Amino acid sequence: MATEERTSTLDAADVAAPEHAPDAGDGTAASASSAAKGSRAQGETPEIVPLAERITRIGDLSDGSIDDDDLDSSAGLFDSFDRVATFGPAILAIRWGTTALSVGLAAPEMAEGNLVMAMWSVVVIAYSVLRTQLPIRYMGNVRSLTEVIAEATLHVLVLATTGFWESPFVFTLITAVTVAGFARGFGFALRIASVSAMSVNIPYLMRADASTEEFLLSVRTSAVLLLIAVVSGWARRISGEADRQRTLALHRLDRLSDANALLSNLHRVAQTLPASLDIDDVMDTTLTRLRSLVEFDAVVVAALDDTDAGWDVLRREGCRAALRISGDELLPVLARAVAADEVVVVDHALQEELGFSNRATSGIYAPLPARGAVMGFLALERTGVDPFNERDLRVVRGFAEPMGLAIDNARWFARLRTVGADEERTRIARDLHDRIGQSLAYLAFELDRIVGANERGTSVGPDLDQLRNDVRGVIGEVRDTLYDLRTDVSESNDLASTVEQYVARVRDRSGLAIHLLLDRKHRLPILQERELWRICQEALTNIERHADAAEVRIEWRCDGRTGHLEISDDGRGFPVGSAGRLDSYGILGMRERASSIGATLELLSEPGAGSTVRCSLIPPLSPAHR
C-alpha cells in the first residue's frame, strides 16, 4: 500500500463548490444522452434504446436552471433531495383553489343528477386530501417521476370523461403542470403540458361535430397550460439559482468562519506564547491551544542541538520517543519535512513510515522555524480510520512559526539565565571578598596576635573581649549580606519598596543620613526595574564603603514608560577619568546593566565634591509618535 503525502493547499474549487451537491449516481444516463446527441449531429443512425433507459433519460432532462449542453450529474434522475418541498405551500394553495373552483362549476350538473360529475368530484376531492396528507416528494427517482406523470394522467382522464376542455374540472390540470414545473423546470413542464394538451385535443377535435369555436377553445386552453408550464418552470429556475447562491454563500461563510476561528486562535497563540519564557510553560500553553483545534493521539516536540545536529525531545505524549534523537535516527518522513522546510502529511499506512506511535495510522510532521532557520520539529499522530484533513494541516502550518519562535525564545532565555547566574555568582563572590573576606582575614590576624601574646605571658583578656565584639560584627555582616542577596524586585515588591527596605538596613549599620524621593504611582516591567535596583544597590554599596559621606539622596521618577534614577552623596568623590577607580567602584558593572535595558548611565564626580549617578530609561518613540 503506497503512502500518500500532500502539502497544505487551498483550491478555489474547494471554496466555490457546495458541500452538499446532490449525488447523481453513476452518470450512465447522462453519458448515453450526450453520446446520442453526438451521433445525431454527425448524421449517424440513432441507436435503439431500451424502454427502461428511455424512462431514465426523462429524469436527466434539464430543470431549466442550466443548459442542456452543460447538463451534469447534479441535475440527473437520482437527486437525493426533495425538489418541490420549497414550493409545498404554493402547490397546496393551487391544488385546493383549483379543486374548489372545479367542484363549484360542477355543482349545477351534480344538482341535476349527473352521477359522473358527482363521482369525479369525489375523486378529485379525495385526491386533494391525499396529496395534502402525503404531498408529492420529487426525489428524482422513478417513483416520484411516476407520481408526477400519474397526477397529470388522472386529470387528463377526468377531462376526457367530463367534456374535455368544456369540463368544469379543466382547472385541476393546472396543478399537475405546476407540480411538473416545480419538480424539473420548464423543460419538463412543457413536455407534460404538451402531452396532456394533445391527450385532450386529439379526441376532442377528432369528433365529427367539432366546431371552430371548439378548435379555438383548444388552442386557448393549450396555450394557457403551456404558459403555466413556462411560469412554473421559470419559478423553479429562479428558486434553484437562489438555492445555489445561498448554498454557495453559506459554504463560503462556513469556510470564512473556519478561517476566522483559525486566525483568531493563531493570534492568541502569537500573543500568549511569548508571554512566558519558561520552556515548560511554553510547551503546556502551546499543546493545550493546539489540542483545542486539532485532535491527535500522540505528539512529539523536539529542538535542534546546534553542537552535534541532534534533537532534544522537549515533550512527548502518547508514544515512547527517546529523549535524545541523533541526526541519523530521525524518522524518514521527518527528515523530508526538515530538509524541505515544509509540513508533510501521511494519510495512511503510517506503519511503513515507522511513526513514533506503533498504533498511529496518520500523521502531520512540521518543522519549527525561528529566525530564518529550522530550530525543531512537531510531530502529531492519530490512530483510527479518520486521517488528518486540510483544515488540520492549515492549523499546524499556522502554529509552526509562533511555536518555533516561542520555544527558541525560551531556550535563549534559559541560556541567558545561566549566564546571568554566573554573573551573579561572580558578584556574590566579590561582595564576600570585599566585606566578609577582609573581616575574616582581620580576625585571623588578631587570633595569631593574641596567641603570640599569650605565649609571652601577656594578659589577653581585653584583646579577647575585643575579638568577641569583632566576631559579632562579622556575623552581622554575614546576615546583612545574605539579606541583601535575597532582596529583589518582584510583582508584589516594586522598585521604590525594595530601595526603601534596603536603605533602612544601610542606615542602621552605617549611620548615613539617606533622603528618599520615590515615585510609587507607576511601574516599569520587572526586568527593567530589577536592573535599575541592582544599579542603585551597587551605587549605595560604593558610597557606604568608599565615599566617606555623611548624607545621601536617592530620587526615583517614573511615568509608566520612562524612568529616572539618581543617587548622589556629599563624600570625597573621585576622578571620573580614572579607569582603575571605576573598576573598583563597580561602575563598569552598572554601565553593563544600564545598557542591557536600553538605559543611559551618567557619572558626575570630582575629588572633594561628592558624586552623582544618574540612570535614565527613555524608550525610543514608535513611528506613530514621531
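Mentor: Ground rule first: Ala, Val, Leu, Ile, Met, Phe, Trp, Tyr, Cys and Pro count as nonpolar, Asp, Glu, Lys and Arg as charged, and the rest, Gly among them, as polar. The model is predicted, so local features need pLDDT of at least 70 and side-chain atom pairs 80 or more, while totals for chains, interfaces and linings use all residues. Numbering starts from 1 along each chain as its sequence is written, and side-chain values use heavy atoms, with hydrogens and water left out.

Trainee: How much of the chain counts as buried?

Mentor: Buried means under 20% relative accessible area with a 1.4 Å probe, protein chains only. The chain has 17 helices (at least four residues, DSSP H or I) and twelve strands (E, at least two). Out of its 626 residues, the buried share is 42%.

Trainee: Okay, cavities. Which element gives the largest share of the lining of the largest cavity?

Mentor: The whole structure has three cavities of 30 Å³ or more, and the largest holds about 170 Å³ of space. Two or more of its lining residues come from each of α15 (526-547), β10 (563-569), α17 (587-596) and β12 (611-617). Five residues, the largest share, come from α15.

Trainee: How many residues in that lining of the largest cavity are charged?

Mentor: The lining runs to 17 residues, with N542, I543, D569, F574 and S611 nearest the centre. Ten of the lining residues are nonpolar and five are polar, and the charged ones number two.

Trainee: Which strands stand at the edges of the open sheet, with a single partner strand each?

Mentor: Five strands make up this open sheet, with mixed pairing and the order β8-β9-β10-β12-β11. One side of each edge strand is left without a neighbour in the sheet, because each has a single partner; these strands are β8 (513-518) and β11 (600-605).

Trainee: At what angle does α17 run to β11?

Mentor: Angles go from 0 to 180 degrees between N-to-C directions, and contact means heavy atoms within 4.5 Å. On this sheet, helix α14 (495-510) lies across β8 and β9, at about 175 degrees to β8. Helix α17 lies across β11 and β12, and its angle to β11 is about 150 degrees.

Trainee: Which residue takes a positive phi near 60 degrees in the hairpin of β2 and β3?

Mentor: β2 (298-305) and β3 (310-317) are antiparallel and joined by seven bridges. D305 has G310 in β3 as its bridge partner. Four residues sit between the strands, and the one with that phi is A309.

Trainee: And which residue in the turn of the β3 and β4 hairpin has a positive phi of about 80 degrees?

Mentor: β3 runs antiparallel to β4 (324-325), with two bridges between them. W311 stands opposite I325 in β4. This hairpin has six residues between its strands, and the turn residue in question is G318.

Trainee: Last one: is H155 buried or exposed?

Mentor: H155 is in helix α6 (142-161). Leaving out residues up to four places away in sequence, H155 touches Y127, T172, L173 and A176. Its relative accessibility is 5%, so H155 counts as buried.

Note on methods. 1 Å grid on protein atoms, 1.4 Å probe; cavity = no way out; pocket = protein on both sides within 12 Å on 5 of 7 lines; lining within 4 Å. Points joined across faces, edges and corners; volume = space filled by probe spheres on them. Pairing = 2+ DSSP bridges. Buried < 20%, exposed > 50% of the residue type's maximum accessible area, 1.4 Å probe, protein only.
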